[in-house]
Amino acid sequence: MSHTAHIRSHRKPRRSASTLAMRAGVAGGVLSTLAVAGASGSANAAEPVTQTLELPTLTADLAAQAAQTADATQQAAANYQLQAERDAAAANAAKQAKADLAEAKQKAAEAKKKADEEARIQAAARASRNAERTVLSASSSTGSSSSTGSSTATGSAAAVISFVKAQIGKAYVSGATGPSAYDCSGLVQTAFKQVGVSLPRVSQDQSTAGTQVSLSNLQPGDILYWGSAGSAYHVAVYVGDGMFVGAQNPSSGVGEHPLSYDPPTGAVRVL
């Protein structure tokens with residue numbers, strides 16, 4: 001027996017043909033599987049390319065829809081705002097109309113009150129004139145010896161009467177104070193100015209310029225007025241014998257008339 005017979009050989013044992021065949025089959029199966037997987041992977045890898053090409057179209061459609069939705073929302077908001085402004089304007093207009101109506105009613109009430117007051121004053125003036133007319137008629141019928149029928153005038157009164165009689169026939173012009181035309185208070189003021197008496201310019205003030213006297217106790221040179229004292233609308237100068245001289249109106253001018261022609265309401269004495 002050899003001295004090396006008990007030592008194992010380091011050579012690898014030869015593989016059997018069956019083992020090699022099995023390994024070759026396995027390797028082939030693996031390679032086939034890899035080939036199929038690679039083909040499948042290649043096919044699958046091509047699909048994202050198609051999807052990627054479709055994304056821009058899809059994104060553009062979504063952007064267009066979003067833009068249309070934004071425009072519609074903006075238009076709706078603008079419409080709501082416009083309607084709100086119209087509603088606010090209508091409310092303000094209604095409020096202003098209500099205030100204007102209230103103001104108009106108040107003014108109408110004030111105007112009516114003023115008109116009623118004027119009518120009352122005029123009615124009272126007419127009643128007073130009628131009463132004075134009755135007194136004057138009674139005085140004339142009884143031949144009263146009062147100074148109403150007197151024609152005697154001296155001093156300043158005579159100068160005033162002489163002046164107004166000299167103006168008879170001249171024109172009536174509103175606001176005129178002579179020498180060619182007068183209105184009623186302009187004639188009276190200018191007449192008394194001749195004797196140094198300064199009178200107010202208008203009839204309202206002239207009717208309160210002196211001492212109030214009764215129409216049954218007139219003296220030549222007294223100032224006659226028509227209307228209420230302080231609000232008279234006409235004045236003239238009493239010249240005696242139941243006559244007066246005054247600038248009546250544009251149609252008659254300055255003239256001399258009896259008291260019965262237009263009975264005065266009252267009289268004041270400044271001389």
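Modeller: Two strands pair if DSSP finds at least two bridges between them. Helices (H or I, at least four residues) and strands (E, at least two) are DSSP runs, numbered from the N terminus. Here strand β6 (residues 243–247) and strand β7 (residues 254–258) run antiparallel and are joined by five bridges. This is a predicted model, in which local features need pLDDT of at least 70 and side-chain atom pairs pLDDT 80 or more, while totals for chains, interfaces and linings use all residues. Residues are numbered from 1 along each chain as its sequence is written, and side-chain values use heavy atoms, with hydrogens and water left out.

Biologist: Which residue in β7 is the bridge partner of Met-243?

Modeller: The partner is Pro-258. Met-243 also stands opposite Gly-240, and strand β5 (residues 234–240) pairs with β6 over three bridges in the antiparallel sense.

Biologist: How many residues lie between the strands of each hairpin?

Modeller: Two residues separate β5 from β6, and six separate β6 from β7. In the turn between β6 and β7, Gly-253 has a positive phi of about 65 degrees. In the loop between β5 and β6, Asp-241 has a phi near 55 degrees, a positive value in a residue other than glycine.

Biologist: Is β6 largely enclosed or exposed?

Modeller: Buried means under 20% relative accessible area, exposed over 50%, and partly exposed in between (1.4 Å probe, protein chains only). Four of the five residues of β6 are buried, so the strand is largely enclosed by the rest of the structure. Asp-241 counts as partly exposed, at 46% relative accessibility.

Biologist: How should I read the packing of two helices?

Modeller: Two packed helices are described by the angle between their axes and the distance between the axes. Axes are lines fitted to C-alpha atoms, for helices over the stretch in contact, and angles run from 0 to 180 degrees between N-to-C directions. Helix α2 (residues 155–166) packs against helix α3 (residues 184–193) at about 135 degrees, with the axes 8 Å apart. That makes α2 oblique to α3; angles under 35 degrees count as roughly parallel, over 145 as roughly antiparallel, 65 to 115 as roughly perpendicular and the rest as oblique.

Biologist: Which residues of α2 and α3 meet?

Modeller: Contact means heavy atoms within 4.5 Å. Val-160, Phe-163 and Val-164 in α2 meet Leu-187, Thr-190, Ala-191 and Phe-192 in α3. As for burial, nine of the ten residues of α3 are buried, including Leu-187 and Phe-192.
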